[in-house]
Amino acid sequence: MSEDNFQAHEIRDVIKIQYKYTMGGQSKFFIELKENKKLLGTKCTNCGKTWMPPRINCSECYEPAEWVEMKQTGTIKVSTIVWYTTSAFIQSVPYGIAFIQLDNADTGLLQGIFSENLVPSKIKKGERVKAVFKRREDREGKMTDFFFVPEDEYEMWISKPEYEGSA
Amino acid sequence: MSNRVAIIGVGITPFKARYLDKTYFELAYDATKLALEDANRNGAEITHKDLQSTVYGIYNELFERQFMPDIFTNSYLGMNDKPGTRIASGGATGGYTVRMAFAEVASGLSDLCLCIGLEKCNDCYDEQTGTTTPEVLNAIAYSADLTYEYPMGMMAASSYVSMVNAHYEEFGNPTEEQMAYVSVKNHGNATLNPKSQSPMKITVEDVIYSRIICYPFKMLDCCLYSEASAALILASEQKVKELGIEKPIWITGVGAANTDCFIGNRESIGRLYSNIEAAKAAYKMAGLDYNKIKDQIDVAELHDAFSGQEVISYEELGFVPFGEGGPWIEKSFEKPGEGPWINGELPCCPSGGLIGCGHAVGATGIMSTGEAALQIRGDAGKHQVKIEKGRAIAHSIGGPGAAYAAIIVMANEEGLKKP
């Protein structure tokens, strides 16, 4: 039944849960990222497929996959620039994201694309990109420890005090 | 041997930005009551006490601000001491819920099953901006992988746009104009649907010059999040006879598939393998042909969360060959008898779809299925399309990278004949 002059009672609330979650078999990826600026993928011991993000078991063969060091250069497979987004990121617009195929990977990795010239024609399919890392004291062992930039902007990005190239 | 299954009642609440006067379970009550009334107009004499089981489609606990929202709905619907199961499959929750309710009746577990979807998203509220939408989008973005994807600012639109952009790179379509035609069509169709949230008469230019969301999606390419509930009452063939149902709509095909939720793992980013596999499975079960489907059905309610996605679906669901989805809608504009327009050769989303009617996630695929059923029953109202073959499909996709897909094929008595 709907009533005239209905007055809604609204309650303000927040749901908050704290975590300290394990990355399990993928832990080594995050440790190497944080400590050594390395990007580790995995390679199936049976079919040879390279997984990035890594998985320690091959989902296709049901056989173990071994750790392999991935190249830090790659190619954009597809990208977009975000202008309106979630409450968690709305202060960061515009930002670029892309699926990047690292040069020795079989799969595409989702990552942020930073550019001085953030326009669709600059971060389009086929653009060559290179990984840039936060400096050691800022790295937390999270995906946000690194991002990709167009290859021709790489030197400029790593010259900034808050960022580093790989060793 | 499995039982044949029919939709005997459809109940859909209006799709609205916000119901201040109803909670999620109160909305579910409204939809259930509407579905029972519809079944009773269709020859039944039943109440909620006759329903033997319930399958709930509810996507997101964060929207409802309640884990296991189904059990609280179960209580409010007066369904205590009977089986109730919840399905949650992202944007495809509705289609998957119909699939599971179908399975309950086909298997004989239930002869009379309530299949109900609900969602109430706009209780989410971002104190920082004083608006709901960014917080709603955040609650949805938690469906992306929380370690590898969410921290990059991935969200629903940027996920779908990846497939659309890759499809454009591979096939040269859809263009921004072709996507805009979907928005023009579905907002326009919604003007005929009194339950729709976004009825609008607009032009291609209106869409192209609307606010950019994520390149190349504009505001009017995107559906709005809605609050609504939609319910179907499913009955076994024996129950249909027993109740004396006048116009049963038979579920003749059900297909579903989950493709890799990590978009980067897919062989081609520009194709939704889940759509293709779900369509082929559903058509095969219904005795229809993937390559001739456009001529074998009267109407399709598609999952147009984003305009470009509808264009790609024309191809993946077999209506037109790959690369021809965009031209199919663009070239048929204002040409009756052609394309996916409401008076076209295969009307797509006459209800307005998600872009016109709205997207109340768990309710959406059940609304689409119910709308398609009402069309081939001849009871769709002002947006009724011409029915000749007696067959319709409803399509649901969703999840990270639209990994989930479910397709339902329906037929009236005429449509049961071989095509």
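Two strands count as paired when DSSP finds at least two bridges between them. Keep that in mind as you move through this predicted model.

**Stop 1: a pair of strands in chain B**

Start by selecting residues 5–12 and 227–236 of chain B. These are strands β1 and β7, which run antiparallel and share 7 bridges. To see one of those pairings, click on B:A6 and look across to β7(B), where its bridge partner is B:A235.

**Stop 2**

**Stop 3**

Select residues 391–398 of chain B, strand β10. Is this strand mostly covered or mostly open? It is mostly covered, with 8 of its 8 residues buried. In a regular strand the side chains alternate between the two faces of the sheet. Colour B:R391, B:I393, B:H395 and B:I397 for one side of β10(B), then B:A392, B:A394, B:S396 and B:G398 for the other; both faces are covered.

Next, show the neighbours of β10(B):

- Residues 299–301 of chain B form strand β9, which pairs with β10(B) in the parallel sense over 3 bridges. Here B:A300 stands opposite B:I393.
- Residues 404–411 of chain B form strand β11, which runs antiparallel to β10(B) and is joined to it by 8 bridges. The partner of B:R391 on this side is B:A411.

β10(B) and β11(B) make a hairpin, with 5 residues between the two strands. Zoom in on B:G399 in the turn, which has a positive phi of about 85°.

**Stop 3: two crossing helices**

Select residues 93–106 and 361–377 of chain B, helices α4 and α14. Their axes come within 6 Å and cross at roughly 60°, and the crossing is right-handed. Show side chains where they meet: B:T93, B:G94, B:G95, B:T97 and B:V98 of α4(B) face a set in α14(B) that includes B:V361, B:G362 and B:A363.

**Stop 4: over to chain A**

Chain A has 2 helices and 9 strands, following the pattern α-β-β-β-β-β-β-β-β-α-β along the sequence. Its radius of gyration is 20 Å, well over the 15 Å that the globule rule gives for 167 residues, so chain A is more spread out than a compact globule. The C-alpha trace spans about 70 × 40 × 35 Å along its principal axes, and 34% of the residues count as buried.

**Last stop: where the chains touch**

Show both chains again. The contact takes 34 residues from chain A and 34 residues from chain B. On the chain A side, select β4 (73–82), β5 (95–102) and β6 (109–113), the elements that each give two or more residues. Which of these gives the most? That is β4(A), with 5 residues. The chain A side divides into 19 nonpolar, 11 polar and 4 charged residues.

Key
Residues are numbered from 1 along each chain as its sequence is written. Chains are lettered from A and ligands numbered from 1 in the order in which they are written. This is a predicted model: local features need pLDDT of at least 70, side-chain atom pairs count only at pLDDT 80 or more; totals for chains, interfaces and linings use all residues. Helices (H or I, at least four residues) and strands (E, at least two) are DSSP runs, numbered from the N terminus. The radius of gyration is taken over C-alpha atoms; the globule rule is 2.2 Å times the number of residues to the power 0.38. A residue is buried if 20 or more other C-beta atoms lie within 10 Å of its own, exposed if 12 or fewer, and partly exposed in between; C-beta atoms are placed from the backbone. Two residues are in contact if their C-beta atoms, placed from the backbone, lie within 7 Å. Ala, Val, Leu, Ile, Met, Phe, Trp, Tyr, Cys and Pro count as nonpolar, Asp, Glu, Lys and Arg as charged, and the others, Gly among them, as polar. Axes are lines fitted to C-alpha atoms, for helices over the stretch in contact, and angles run from 0 to 180 degrees between N-to-C directions. A crossing is left-handed if the near helix is turned anticlockwise from the far one by less than a right angle, and right-handed if clockwise.
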